[in-house]
Amino acid sequence: APADLQEILLFSVTLARSAGELILQGSEAILSSGNVDEKKNSVDLVTEYDVRVEELVKGELSKKYPAFKFIGEESYAAGARPPLTDEPTFCVDPIDGTTNFVHGFPLVCISLGLIYKKSPVLGVIYNPFLDQLYTGVKGQGAYLTRRKDATPVKLPLAKPKPLESLSKALLGIEWGSDRCAALINKKGESFKRLAGNPNEGVQGGRMAHSLRSLGSAALNYAMVAQGGLDLYWEIGCWPWDICAGTIIAQEAGCLVAGSRTSPLDNNITDTVLTGRKYIVIRAIGDSQTEKGVDAQKR
Ligand code: IPD
């Protein structure tokens, strides 16, 4: 593994907390000025703070770890698209939950992951609005620190029970930023199948308890790791959305599945599925998963 992962973790946590301060400042500025760019369409948003936070984080990481590579959402958008190699590579979303950020909905985080030999080995997710810090290091467990001075608590917070069906599950889903008719219709159908009651009137039908959208892929992963969600499913995440979350969820005993063999190449990942327990999903609307993704017990 690259250098000492514990030392990298300490450095990354301090950096994520500094990034968090900038995110909080940005929130005040954005909410009073309304200064937001529309990237691709009116729901794919970026603010000057996405760029500023990424510059801060990239600058500090490259000073401290000059040999490590860097993949970041805003650098990628600006054309920096290094191929993923076996070298240690930081993978960063400076503000995950930009839409929440713009609206003052306090589920926003920085997501900072480290990939080594094409797999995530370290993850830090920090939500400065709630002062919640999630960390995970390969082989060393995942933790939640709820306040700056609090003691980290091992994840998941409660022992997970096996879940035989959807009918006892709380599911995380997202609308994503691609709202073209073909995709949104399929997603909508899936959401209906997951939340609707196929056996009307029959007690304990097969619909999920409910669906939730936190608005941040990283925080969805963290919530599954914590145990608040049983499963998170999304189509169309980017590596920086899921890198830190993947190792945190895995270290909390979750299963992470993707429709690509490496969910971390420098491309969008078609489908991600993170589940805390055994579950079979058959209600997902893209052709790949329509056949059914059978998540297995680890
Ligand atoms: C997005 C958020 C959103 C998810 C998208 C992500 P961003 O990241 O995590 O919840 O649905 O797939 O791209 O744009 O806020 O950094």
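Before the first sheet, one term: two strands count as paired if DSSP finds at least two bridges between them. The model I am showing is a predicted one.

Let me start with how the chain is divided. There are two domains, domain 1 covering 5–154 and domain 2 covering 166–295. I will take a sheet from the strands, then the helices, then the ligand.

If you want a place to look, find T135, which stands opposite Y143 in β8.

In what order do its 5 strands come? The order is β11-β10-β12-β14-β13, the sheet is open, and the pairing is again mixed. Its edge strands are β11 (210–212) and β13 (255–258), each of which pairs on one side only. From one strand to the next, the twist averages 20°. Strand β13 is joined by 4 bridges to β14, residues 269–275, and the two run antiparallel. Within that pair, G258 has V272 in β14 as its bridge partner.

The helices α6 and α7 come back here. α6 lies across β10 (170–173), β12 and β14, at about 160° to β12. α7 lies across β12, β13 and β14, at about 25° to β14.

How do the two helices sit relative to each other? Their axes come within 8 Å and cross at roughly 5°. Angles under 35 degrees count as roughly parallel, and α6 and α7 are therefore roughly parallel to each other. On the α6 side of the contact are A217, A218, Y221, A222, V224 and A225; on the α7 side are D241, I242, A244, G245, T246, I248 and A249. By class, this contact has 10 nonpolar residues, 2 polar and 1 charged.

Recall that domain 1 is 5–154 and domain 2 is 166–295. The contact takes 39 residues from domain 1 and 27 residues from domain 2. On the side of domain 1, the elements giving two or more residues are β3, β4, α4 (98–103), β5, β6, β7 and β8. Which of them gives the most? That is β6, with 7 residues. The residues on this side of domain 1 divide into 20 nonpolar, 11 polar and 8 charged.

Last, the ligand. There are 16 residues around it, and D96, T98, E174, G176 and A217 come nearest. Two elements give two or more residues to this shell, β4 and β12 (231–237). The shell has 4 nonpolar, 6 polar and 6 charged residues.

Definitions and conventions. Residues numbered from 1 in each chain as written. Predicted model: local features only at pLDDT ≥ 70, side-chain atom pairs only at ≥ 80, totals over all residues. Near = placed C-beta within 6 Å. Nonpolar A, V, L, I, M, F, W, Y, C, P; charged D, E, K, R; others polar. Domains from an automatic or database assignment. Contact = placed C-beta atoms within 7 Å. Axes fitted to C-alpha atoms, helices over the stretch in contact; angles between N-to-C directions. Parallel < 35°, antiparallel > 145°, perpendicular 65-115°, else oblique.
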